Amino acid sequence: MKNIAARSALPPARSSVRLIAGLAALLLLSAPLGACKRVPDDNDLRAETARAYPPASRPVSELAGNQWSTETARDKRGEAEEIMKAAGLEPGMTVADIGAGEGYYTVRLAEKVGTRGRVLAQDIDEAAIDRLAERVNRESLDNVSIKLGAPDDPRLPEKSFDRIFLVHMYHEVREPYAFLSRLRPALLDKSGPNGAGEVIVVDVNRDVSQHGIPPKQLFCEFEAVGYELVGFMERPELGGYFARFRAKGPAISPAKIISCPYQRESE
């Protein structure tokens, strides 16, 4: 009986060994699968609507708020008046103020273009847009419209503007090639009553980490999507520099846009 009992106990023991070995093998096989994680693609961090365009090779300034300086201080420097004069702004023109914020330029542009002109104020900050709408209503600016934009698309109507102003905001644009490409069709062409439309940039000659953008970087990014520089001046007393761009030649497809190298120098 003892021999029989011993023999009858052997199969279960062997089965247990095989079961434990099988479980260990499964654990070994499953461990690498569980530990394997998908490496995020650079495109995952970008807006899906911008992925057809090359990404910026430079960093992007964090949003610094909508009040760049007090309006009184800016008026004492004569900032808006000088910029509008340099931009060739005339009564009756149609203009866009991108990144309008609290409306410093919006209200002054509205006065400059007069009742025959039009101003479209745009921002991606809904709260800022709401406050600006209240200001426009309060000051009875009947020639001003308000529009919410997107970070990679200003959402402007085509062939509508004599001037598009980007004042102290371009260094915060995260998708410059998508943004500028989609901005381009909004300019009036040479057949417009005031000639070809222009993009007006006011910014600071310093690294983007310090809320500015070197002119070399600015020029390269505009040229990459089919603009030409038609005017530039340094005006530190007005808070930076001033640049004018016009569309040149046919639009460039996203696949043919070459990203500009990061220009750290501010010379």
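## Exercises on a disulfide and a helix pair

Cys260 is buried, with a relative accessible area of 1%. The model examined in these exercises is predicted.

**Exercise 1.** Determine which residue is joined to Cys260 by a disulfide, and describe the link.

*Solution.*
1. A disulfide is a covalent bond between the sulfur atoms of two cysteines.
2. The sulfur atom of Cys260 lies 2.1 Å from that of Cys220, and a disulfide joins these residues. The cut-off for such a pair is 2.5 Å.
3. By this rule the count comes to one disulfide.
4. The angle about the S-S bond is -100°, and the link of Cys220 and Cys260 is left-handed.
5. Cys220 belongs to helix α7 (residues 215–224), while Cys260 is in the segment after β7 (240–247); the pair therefore ties together parts that are 40 residues apart in sequence.

**Exercise 2.** Decide whether Cys220 is buried, partly exposed or exposed.

*Solution.*
1. The relative accessible area of Cys220 is 24%.
2. Buried requires under 20%, and exposed requires over 50%.
3. Cys220 is therefore partly exposed, whereas Cys260, at 1%, is buried.

**Exercise 3.** Describe how helix α3 (residues 79–86) and helix α4 (residues 104–113) cross, and state which residues make the contact.

*Solution.*
1. The axes of α3 and α4 come within 11 Å and cross at roughly 55°.
2. This angle makes α3 oblique to α4.
3. The crossing of α3 past α4 is right-handed.
4. From α3, the contact involves Glu79, Ala80, Glu81, Ile83 and Met84; from α4, Tyr104, Tyr105, Arg108, Leu109 and Lys112.
5. Divided by type, the residues of this contact are six nonpolar, four charged and no polar.

Key:
Residues numbered from 1 in each chain as written. Predicted model: local features only at pLDDT ≥ 70, side-chain atom pairs only at ≥ 80, totals over all residues. Heavy atoms only, no water. Helix = DSSP H or I, 4+ residues; strand = E, 2+ residues; numbered from the N terminus. Buried < 20%, exposed > 50% of the residue type's maximum accessible area, 1.4 Å probe, protein only. Axes fitted to C-alpha atoms, helices over the stretch in contact; angles between N-to-C directions. Parallel < 35°, antiparallel > 145°, perpendicular 65-115°, else oblique. Left-handed = near helix turned anticlockwise from the far one by under 90°. Contact = heavy atoms within 4.5 Å. Nonpolar A, V, L, I, M, F, W, Y, C, P; charged D, E, K, R; others polar.
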